[in-house]
Amino acid sequence: STAYLGDIFHSAPLRVGSPNVFYSDDEFGRYRDSMASNRKTMIYAGANDGMIHAFDDSSGFEEFALIPENFIPQVKTLLDSHRFYVDADPMAADIWFPSSETDTFKNRNEWKTVLMAPQGEGGRGISILDITNPNNISYLFGFHEDTMALTTSIPIIHKIERLNASGDTVQRFFAFFGGGEWPDTLYNKYDPTSSDSLK
């Protein structure tokens with residue numbers, strides 16, 4: 001059978017191999033060493049076929065593809081016309097997933113590598129995937145809000161110290177991204193006098 005890949009236009013392919021050798025944190029070194037010896041290198045990119053694609057770096061074989069939930073009703077129009085879908089640079093980072101609200105020590109098995117895939121001019125959402133194990137990539141969650149603008153900025157992830165409910169200082173990882181252009185076709189949602197149709 002023949003398969004076709006949509007154009008990768010504004011989404012620069014991202015190569016993800018071993019975790020960051022310059023980062024130091026609780027048991028991150030053990031996590032990094034394990035990933036360096038066991039994890040294959042992958043290439044991730046968004047495409048205008050409505051998918052986030054994952055390719056094996058050594059063979060070029062596609063291992064995984066995901067359609068973000070807000071695009072599922074729209075991909076049926078792929079054969080009718082070209083439009084942007086997952087059309088922004090993905091980013092990846094190694095972050096800690098605490099086992100509880102009071103967890104303060106970052107155990108080796110609590111570290112994960114996540115991919116954030118914004119949609120650029122294609123949509124108003126960001127998909128977050130767990131790519132720790134390229135043989136078992138999983139969808140974690142996504143932001144696909146009616147009140148979001150086009151997600152054209154590349155997210156960054158930063159570790160922040162904050163107080164938990166018990167008043168203890170804990171470290172947590174947060175993603176930050178800027179708001180993009182608000183499409184003209186959405187103005188009428190907040191302006192009942194507009195005659196524009198919501199698309």
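This is a predicted model: local features need pLDDT of at least 70, side-chain atom pairs count only at pLDDT 80 or more; totals for chains, interfaces and linings use all residues.

**Salt bridges**

I started with Glu63 and Lys40, whose side chains meet in a salt bridge, 3.2 Å from N to O. Glu63 belongs to strand β4, while Lys40 sits in the loop between α1 (28–38) and β2, and the pair links distant parts of the chain, 23 residues apart. I looked up the exposure of both partners. Glu63 is partly exposed at 33% relative accessible area, and Lys40 is partly exposed as well, at 26%.

Next I went to Glu101 and Arg162, which form a salt bridge with 3.5 Å between N and O.

Then I checked Arg15 and Asp57. Their closest N and O atoms are 3.1 Å apart, and the two form a salt bridge. This pair, too, links distant parts of the chain: Arg15 is in strand β1 and Asp57 in the loop between β3 and β4 (62–66), 42 residues apart.

How many salt bridges does a search of the whole structure find? My count came back as eight. I also wrote down a network of salt bridges that links Asp25, Asp26, Lys106 and Lys159.

**A buried serine**

I turned to Ser11, in the segment before β1 (14–16). Its relative accessible area is 2%, and because the cut-off for buried is under 20%, I list Ser11 as buried. Which backbone atoms does the side chain of Ser11 reach? One is the backbone nitrogen of Gly46, at 2.9 Å. Another is the backbone oxygen of Ala88, at 2.9 Å. Leaving out residues up to four places away in sequence, I listed the residues that Ser11 touches: Ala45, Gly46, Val86, Asp87, Ala88, Asp89 and Pro90.

I kept a general point in mind here: in soluble globular proteins, nonpolar side chains tend to be buried together. The largest nonpolar core in this model has 15 residues, and Tyr44, Ile52, Leu115, Leu129, Ile131 and Ile137 have the most contacts inside it. I then asked which elements give two or more residues to this core, and they are β2 (42–46), β3 (52–56) and β6 (111–118).

Not counting residues up to four places away in sequence, Leu129 touches Ile52, Phe64, Leu66, Thr113, Val114, Leu115, Ile137, Ser138, Tyr139 and Leu140.

**Nonpolar residues on the surface**

Last, I looked for nonpolar residues on the outside. Phe97, Leu140, Phe141, Phe143 and Phe177 form a nonpolar patch on the surface, and together they have about 390 Å² of accessible area. I placed Phe177 in the segment after β10 (169–176). Phe177 counts as partly exposed, at 32% relative accessibility. I also marked Leu140 for a second look: Leu140 is part of this patch, and Leu140 is one of the residues that Leu129 touches.

Technical notes
Residues are numbered from 1 along each chain as its sequence is written. Side-chain values use heavy atoms; hydrogens and water are left out. Helices (H or I, at least four residues) and strands (E, at least two) are DSSP runs, numbered from the N terminus. Buried means under 20% relative accessible area, exposed over 50%, partly exposed in between (1.4 Å probe, protein chains only). A polar contact is a pair of N or O atoms within 3.5 Å; within protein, one must be able to donate a hydrogen and the other to accept it, and residues adjacent in sequence count only if both atoms are side-chain atoms. Contact means heavy atoms within 4.5 Å. Patches are made of residues with over 30% relative accessible area and no salt bridge: like charges are joined within 9 Å, nonpolar side chains (Val, Leu, Ile, Met, Phe, Trp, Tyr) within 5 Å. Accessible areas come from the Shrake-Rupley method with a 1.4 Å probe; for residues, only the protein chains shown count as cover. A salt bridge is a side-chain nitrogen of Lys or Arg within 4 Å of a carboxyl oxygen of Asp or Glu. A nonpolar core is a set of buried Ala, Val, Leu, Ile, Met, Phe, Trp, Tyr and Cys residues joined through side-chain atoms within 4.5 Å.
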